[in-house]
Amino acid sequence: MALIEYDEYKQKLRDLGPELDKLSAALDMDSARAEAQKLEDETAQDGFWNDLERSQKVQQRLKQLQNKIARQDKLVAEWQDLTALCEMGQEADDAELLDELKAGFQTLEEKVEDIAGVRIICQFYEDIEKVAQLIRRRSDMKVLEEKDYITHMKESGYRSYHIIISYGTETLEGRKEIRAEIQIRTLAMNFWATIEHSLQYKYKGNMPAHLTERLTSAADSILQLDAEMSSVRNEVMDAQNSMLHQSNLVADILNNIENLYHFSNKREVAKIQDEFYRIYSQKDLAQLERFHRELDIIAEGYRAQAITLEEVE
């Protein structure tokens, strides 16, 4: 059984090799190395520090290039180590090494996809699919893969929606396609993921069992919290819609009252206005709607009467 899985991961690692080459080409690593070497030579020249402003810019740019190169070199080194581990484990048919290989490959794959990325934080769970739809409709990027860790939560409790995309960018050698990962999650999901990532970093991937259990429990609580917030959101939206409806009713009523002053007895209009204030103070939407309908009928009657008088004259 282990031998079959080793064969699968051996093929996965082979497939990942060209992806690393494409990534190097897309990031224009050859140019980055050449520029870094040129800047290093410049820092070694006599009088380099005489121009403080220039030297600081050179050092800053050199640091950026060195970080970029180191990150890519580390990915390649990890890929080479995993390839060697796979061959070693396959020869020995070692099940324990297989677990190490699986974990290492998953981490490496995530790093390759995360070479460029964007994290989109939503307030509510329902917004995640709306954002995903917007991304799918974009013409300036191509969706390569989607990973639904919300419906299919990871064993650790991690939840998020990932979209792997490619987009064109201009380089010195022309237009190149860059892979990137877009992560879409709620505020609660992001809080959990941030804490989990910090703990994984602290314990170098060997988190104590009791912390793992507590994180799993917290992930269940996050699921309930998102559901509760979605319920609250519906109530908020209903309240906002109700307030908007009431605002529109009040605007129409005041407009009708103002127009009535032109067509009817001012004392009668004053009584109508007082009645409106009384109903409005009770904050009863049903009464306000009924008053609005009745006032519409009254106002229409006065307008029709005014038109008739104008025709007679």
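In which hand does H2 pass H3 at their crossing? In the predicted model described here, H2 passes H3 in a left-handed crossing. Helix H2, which spans residues 29-43, and helix H3, which spans residues 52-92, pack with their axes 9 Å apart and at an angle of about 140°. Because angles must be over 145 degrees to count as roughly antiparallel, this arrangement makes H2 oblique to H3. On the side of H2, the residues that meet H3 are Met29, Ala32, Arg33, Glu35, Ala36, Leu39, Glu40, Glu42 and Thr43, and their counterparts in H3 include Arg54, Val58, Arg61, Leu62, Leu65 and Ile69. Classified by residue type, the contact of H2 with H3 holds eight nonpolar and eight charged residues, together with three polar ones.

The crossing of H7 and H8 is left-handed. Gln246, Val250, Ile253, Leu254, Ile257, Leu260 and Tyr261 make the contact from H7, while H8 contributes Lys266, Val269, Ala270, Ile272, Gln273, Phe276 and Tyr280. Of the residues in this contact of H7 with H8, 11 are nonpolar, two are polar and one is charged.

Two of the H8 residues named in that contact, Phe276 and Tyr280, also belong to an aromatic cluster that is formed by Phe276, Tyr277, Tyr280 and Phe291. Across the whole structure, a search finds six aromatic pairs. One of the pairs joins phenylalanine 48 to tryptophan 49, with 5.0 Å from centre to centre and 80° between the planes, and is edge-to-face.

Beyond H8, aspartate 284 lies in the loop between H8 and helix H9, the latter comprising residues 285-312. With a relative accessible area of 30%, aspartate 284 is partly exposed. Between aspartate 284 and asparagine 206 there is a separation of 78 residues in sequence, and the C-alpha to C-alpha distance of these two residues in space is 60 Å.

How values were computed
Residues numbered from 1 in each chain as written. Predicted model: local features only at pLDDT ≥ 70, side-chain atom pairs only at ≥ 80, totals over all residues. Heavy atoms only, no water. Left-handed = near helix turned anticlockwise from the far one by under 90°. Helix = DSSP H or I, 4+ residues; strand = E, 2+ residues; numbered from the N terminus. Contact = heavy atoms within 4.5 Å. Nonpolar A, V, L, I, M, F, W, Y, C, P; charged D, E, K, R; others polar. Phe/Tyr/Trp six-rings, centres within 6.5 Å; stacked < 30°, edge-to-face > 60°. Axes fitted to C-alpha atoms, helices over the stretch in contact; angles between N-to-C directions. Parallel < 35°, antiparallel > 145°, perpendicular 65-115°, else oblique. Buried < 20%, exposed > 50% of the residue type's maximum accessible area, 1.4 Å probe, protein only.
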